[in-house]
Amino acid sequence: MLLKARDIQRMRYKLIITGECFYQHRSLTHVVHFRFRFGLRNLNFVETNPKMGKVKAVKKYAEVKRRLSLKDSRIKKKDREKKKRKKANPENMTVRELPQASSALFFNYNTQLGPPYHVLVDTNFINFSIKNKLDIIQSMMDCLYAKCIPYISDCVMAELEKLGKKYRVALRIARDPRFVRLPCLHKGTYADDCLLQRVTQHKCYIVATCDKDLKRRIRKVPGVPIMYLQQHRYSIERMPDAFGAPKT
Ligand SMILES: [Zn+2]
């Protein structure tokens, strides 16, 4: 380290003789003196802080993360360019179709529901009602405190007819003139799909069923209450103001 004479005079030195610390904070005259005494080779001096032990605050450069600007010469041209987005090819695009939200719904609140209630009746609902000796229309009114119109679709009717003689009572109930018949256009007599389709298209219905699987499927459709049998009476779920219904 090269030092100017003026600097040397201002500083104080730690004298080191053959690697060993000897005297601290001596002035230059002492350095010269020791040089003569111990010879040049054995004597080194190290600069110490003139302000007695205070450590100078050094700016730590490493702590600041530095980022190269895009104009920096170290960046290759390829990396410097901003990546352009590929224009989507309309031939390769996948079309996502989402079902249109029903205008009858205010979020999950169904504005089309209200007395008189339209109740889509399932096959097993009629059978369980007979087992529990419940009059369907009367029990529906007991549950909802309002006029209820039961609806029977062609496929439910066909299911009842298929069940045979044992269920002739159910068939006779379903033929009651107070039950409204709904014509079906689909093939086969599988009623679950039919009821589900009707309910997704028109939000005016309540579905009356005891079938667990159908209930699970209908719960996925927003705004459709489910009527079912519980404790020898009708109960309803997803109907906020059905205060007469027993708690589930
Ligand atoms: Zn049908």
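Let's start in the middle of this predicted model. Its largest nonpolar core has 36 residues, and the members that touch the most others are Val-119, Leu-120, Val-121, Val-207, Ala-208 and Met-227.

Take Met-227 as a way in. Setting aside residues up to four places away in sequence, Met-227 touches Val-119, Val-207 and Ala-208, along with Cys-143, Ile-206, Tyr-234 and Ile-236.

Now step back to the whole chain. The protein chain carries nine helices and 11 strands, and of its 248 residues, 21% are buried. If you look at contacts with a separation of 6 or more, 60% of them join residues 24 or more positions apart.

After helix 4 comes Lys-133, which has a positive phi, near 55 degrees.

From there, hop over to helix 6, residues 154-162, where Val-156 sits. Val-156 counts as buried because 25 other C-beta atoms lie within 10 Å, and the cut-off is 20 or more. Which residues does Val-156 contact, leaving aside neighbours within four places in sequence? They are Val-121, Asp-122, Thr-123 and Ala-191. Asn-124 lies 32 residues from Val-156 along the chain, and their C-alpha atoms are 9.4 Å apart.

Technical notes
Residues numbered from 1 in each chain as written. Predicted model: local features only at pLDDT ≥ 70, side-chain atom pairs only at ≥ 80, totals over all residues. Core = buried A, V, L, I, M, F, W, Y, C linked by C-beta atoms within 7 Å. Buried ≥ 20, exposed ≤ 12 C-beta atoms within 10 Å, placed from the backbone. Contact = placed C-beta atoms within 7 Å. Helix = DSSP H or I, 4+ residues; strand = E, 2+ residues; numbered from the N terminus.
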